Amino acid sequence: MDMDSFQEEIIEKISAIAPFYIVGGTVRDQLLNRSSKDVDGIIPMDLDEVEKYLLEWGYHPLKIGAKHQTLSVFRRGERIDINSFGGDLKVDALRRDFTINAIFQDARTGELIDPLQGRKDLENKLLRACGNPRERFMEDPVRILRLVRFSVQYGMEIEEETFRAAQSLLAELRSVASERTSEELSRILTLDDPAAGIRLLDELGYLTLFLPELARLQGLAQNRYHTKDAWEHTLQVLANTPSQLILRLAGLFHDLGKWEVASRECYVWGKCCAEDHGYYIGEFQILGRQLHRYHGDYVEVHGTRLDHYPQIIQVKRIRRDPSCRRGFEWVRDGKRHFLGHEKESGRLARRILSRFRFSMVLGKEGEGGEKDLVWLVENHMSGTLNFLSELRGEGNTMLLNHKMRGFVWEKGWDGRSYRLERVYQFLELWRADFYGGKKREPREEKIFNELLGKLQDTSCAVQKRHQELVWDELEKFAQEHKIKGREWGDFKESLRRALVVSVDWIPLTMEFLEKEYKHFKGKEKRY
């Protein structure tokens, strides 16, 4: 068995004082010819007594868990977990989750002991609960999520009675600490095939109960440029992302808002009136900018009527209508729209995150935390919108370098530091979305890949330029001109952007600072 030397040492020493059985994922993975870093074992001895022996041998065991205690020893990222049992292996097997995890190996002889035929299930790729599946899931509802993970990870079919029990007991997951469900969902999302995990969760009914914002994307038709509906597109984007939790979650959440803002082109005519809750034309609430200009006037609105909030129309164009017409009409063969869906997706992502504790498995804020996740969701369209002409092959190549430098700076600068990793995450999400089911010509793909490569190179160049900035001359200049407080901060920020975005290196001379300060003061006066 492939084990760390310290794990082998502990097993050898413990086995000399009492029977010790290796069980669970260690044995399962060995039978599947997979490596396993951690070792789980059981011993018919009180854990307090085992702890005394481990301390005498120079180890530093920790007792983990309140209800069911485990004695754990860690070293160099490896661990061994030891549990006590009553001596009957079949009884111990029946309290475990699935038969494939209830195969024991005698540490002294290497003999496999398989009271529930787990090895046969492993060979037949059948995932089956130990004993009564309802009892197993009631003991720990998180096992329902583990069922999904193991099924996808090992390519196993779920035994029918086990599947039905999991379906019927989904609501029990409400009683589980959100930290535990978040951790298990994170493991599902970082599998090699995360989309299969989401499909299985949906088949069980988990999404309808716990992630309805995601489930309702099923069947949501998109515009004519897409080959998939919003649900299938989301799963394709998820599958396209690297196995990094923040990107997997961003891929899963990036289009949540499409259901909220899905709409179809229409016309509406009538009198625009301001009421307590906004502007109305007849029965329709009108959403748009500067509608106060049209209060009391008869207007023609070319807009989009929301699919799921049919009393709301988003304005695309509005003009006064001297004919004083009234009425509503669909645009024949009108476009499908999802105006502002990225911001709505961000709002829904925040709502979902409040139900879970993904923060404990994501990085800290500034290193890939929840705020960075929401930022990715809200900004996922900005690449396409900023480089639309370039993607069509119409951009001005003379200005492209400067444009790219400005773009990656805005994506990477968080007000305190330039974060190259965030730019890379953004570009990865954009790539995943681009190849998520739209109709593409080979030429478009070539242009996109070249643009993405240039943006990656540019982001590195911008980071290097930022690291090379020296502010000694600016500090002297600020002292001479008595620039301080907010003005100092704003001027430095304006300079920083100008220096890193410039394609050519600009020396920070007094002459340059004089010129930039005059420009800065002029902008202040205008605003």
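Visitor: Is C460 buried, partly exposed or exposed?
Guide: This is a predicted model, and the accessibility is computed from it. Buried means under 20% relative accessible area and exposed means over 50%. C460 has 31% relative accessibility, so C460 counts as partly exposed.

Visitor: How many disulfides does a search of the whole structure find?
Guide: A disulfide requires a pair of cysteine sulfur atoms within 2.5 Å. For the whole structure, the number of disulfides found is zero.

Visitor: Which cysteine has the sulfur nearest to that of C266, and how far away is it?
Guide: C266 is buried, because its relative accessibility is 0%. C266 takes part in no disulfide. The nearest cysteine sulfur lies 14 Å away and belongs to C272.

Visitor: Which parts of the structure does the salt bridge between E51 and K63 tie together?
Guide: The two side chains meet at 3.7 Å, N to O. Both residues are partly exposed: E51 has a relative accessible area of 21%, and K63 has 33% relative accessibility. The partners are twelve residues apart in sequence, so the pair ties together helix α3, which holds E51, and strand β3, which holds K63.

Visitor: Where do E213 and R355 lie, and how many residues apart are they?
Guide: The side chains of E213 and R355 form a salt bridge, at 2.2 Å from N to O. This pair links distant parts of the chain, with E213 in helix α12 and R355 in the loop between α16 and α17. The separation is 142 residues.

Visitor: What separates E139 from R136 along helix α6?
Guide: E139 and R136 form a salt bridge, with their closest N and O atoms 2.7 Å apart. E139 is partly exposed at 44% relative accessibility, whereas R136 is buried at 6%. Because they are three residues apart in helix α6, their separation is about one helical turn.

Visitor: What span does helix α20 reach from its first C-alpha to its last?
Guide: Helix α20 runs over residues 397-412 and has 16 residues. At 1.5 Å a residue, the expected span is 22 Å. The span in the model is close to that value, at 23 Å.

Visitor: What covers the buried residues of α20?
Guide: The buried residues of α20 include L400, M404, F407 and W409. Among the elements that cover the buried residues are α17, α21, α22 and α24.

Note on methods:
Residues numbered from 1 in each chain as written. Predicted model: local features only at pLDDT ≥ 70, side-chain atom pairs only at ≥ 80, totals over all residues. Heavy atoms only, no water. Helix = DSSP H or I, 4+ residues; strand = E, 2+ residues; numbered from the N terminus. Expected span 1.5 Å × (residues − 1). Buried < 20%, exposed > 50% of the residue type's maximum accessible area, 1.4 Å probe, protein only. Contact = heavy atoms within 4.5 Å. Salt bridge = Lys/Arg side-chain N within 4 Å of Asp/Glu carboxyl O.
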